[in-house]
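This briefing concerns a predicted model.

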Amino acid sequence: MTRVAVERSRASILTADIISGATLEVADLDAARSFYDRIFRDAGGAWQAQSDALTYQAKDQKIAFVKVAEPRVLADSAQHQAYRVPRGRLQAIADEMEKAGLAPNWWHEDHPSEGERSIYLHDPSGNRVQLIAADGPGPLLEHFAFEVHNLEPISVFYLAVLGGTIDHYFGRNMDDYEAAKAWGGGNDPDAAPWTRFFPRGNSLNDHM
């Protein structure tokens with residue numbers, strides 16, 4: 001934590017103020033477009049098709065889908081993209097996905113802004129997607145989550161190189177301990193599976 005604090009005191013190399021987009025591997029471009037059309041319907045963007053790729057441009061963000069025979073989707077990891085959709089459309093999208101055989105899960109995460117349950121599901125290629133209820137205008141892609149091996153050097157990179165900020169830690173106070181303990185006892189079934197660091201039902205002390 002001390003090293004991170006020192007790095008934050010220095011001027012960053014770059015200044016990043018928005019996620020410009022994401023690139024996803026998919027097995028079928030038509031299936032990908034059909035799936036994401038339901039999510040992007042209110043974003044006011046446009047599709048562009050190439051022979052082996054498909055992109056959706058929405059203001060300053062571009063979501064690219066690249067066709068590959070075996071997409072590397074890391075479906076069993078914490079990796080996911082979170083898209084903003086109008087709050088009034090969230091349930092309708094969930095119903096559409098249910099009818100299409102893509103059953104959504106309603107989970108919450110530990111960041112203060114994600115205490116409310118939202119929709120998580122996999123696209124036809126296995127990429128995990130989160131849908132966030134939005135109450136006003138904003139970027140289509142709200143955040144991108146991925147797993148790392150060591151938080152400290154990653155924090156330094158995003159702070160000192162990209163000019164980002166750390167707005168939340170989980171797991172460093174007793175409230176977090178109690179939340180993890182509740183989940184381990186089966187008392188928080190709506191927590192997203194990757195938000196806890198020990199198998200359900202095991203002793204918390206075995207993993208501290």
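Which residues does I39 touch, not counting residues up to four places away in sequence? With that exclusion applied, I39 touches Y83, V85, M97, V129 and L131.

**Nonpolar cores**
- The largest nonpolar core has 28 residues, of which Y36, I39, F40, F65, Y83 and L131 touch the most other members.
- Among the elements that give two or more residues to this core are strand 1 (21-26), strand 4 (61-67), strand 5 (80-86), helix 3 (90-99) and strand 8 (128-134), while helix 2 gives the most, with six residues.
- Another core, of five residues, lies apart from it and includes A78, W107, Y120 and W194.

- The largest pocket holds about 2,300 Å³ of space, and of the 50 residues that line it, H111, F144, A145, F146 and H168 are the closest to its centre.
- The lining of the largest pocket divides into 24 nonpolar, 14 polar and 12 charged residues.
- The second largest pocket holds about 320 Å³ of space, and among its 19 lining residues A43, R84, G138, P139 and L140 are the closest to its centre.
- Strand 5 gives the most to the lining of the second largest pocket, with three residues, and by class this lining has 11 nonpolar, three polar and five charged residues.

**Helix 5**
- In helix 5 (residues 174-184), the residues D176, A180, W183 and G184 are buried, and because they cover an arc of only 100° around the axis, they lie on the same side of helix 5.
- The face turned away from the buried side of helix 5 carries the exposed residues M174 and D175.
- Helix 5 is followed by G186, which has a positive phi, near 80°.

Notes. Residues are numbered from 1 along each chain as its sequence is written. This is a predicted model: local features need pLDDT of at least 70, side-chain atom pairs count only at pLDDT 80 or more; totals for chains, interfaces and linings use all residues. Side-chain values use heavy atoms; hydrogens and water are left out. Buried means under 20% relative accessible area, exposed over 50%, partly exposed in between (1.4 Å probe, protein chains only). Helices (H or I, at least four residues) and strands (E, at least two) are DSSP runs, numbered from the N terminus. The arc is that of the directions from the helix axis to the C-beta atoms. A nonpolar core is a set of buried Ala, Val, Leu, Ile, Met, Phe, Trp, Tyr and Cys residues joined through side-chain atoms within 4.5 Å. Contact means heavy atoms within 4.5 Å. On a 1 Å grid over the protein atoms alone, a cavity is a set of points where a 1.4 Å probe fits but cannot get out, and a pocket is an open set with protein on both sides within 12 Å along at least five of seven lines; lining residues have an atom within 4 Å of a point. Grid points are joined across faces, edges and corners, and a volume is the space filled by probe spheres set on the points. Ala, Val, Leu, Ile, Met, Phe, Trp, Tyr, Cys and Pro count as nonpolar, Asp, Glu, Lys and Arg as charged, and the others, Gly among them, as polar.
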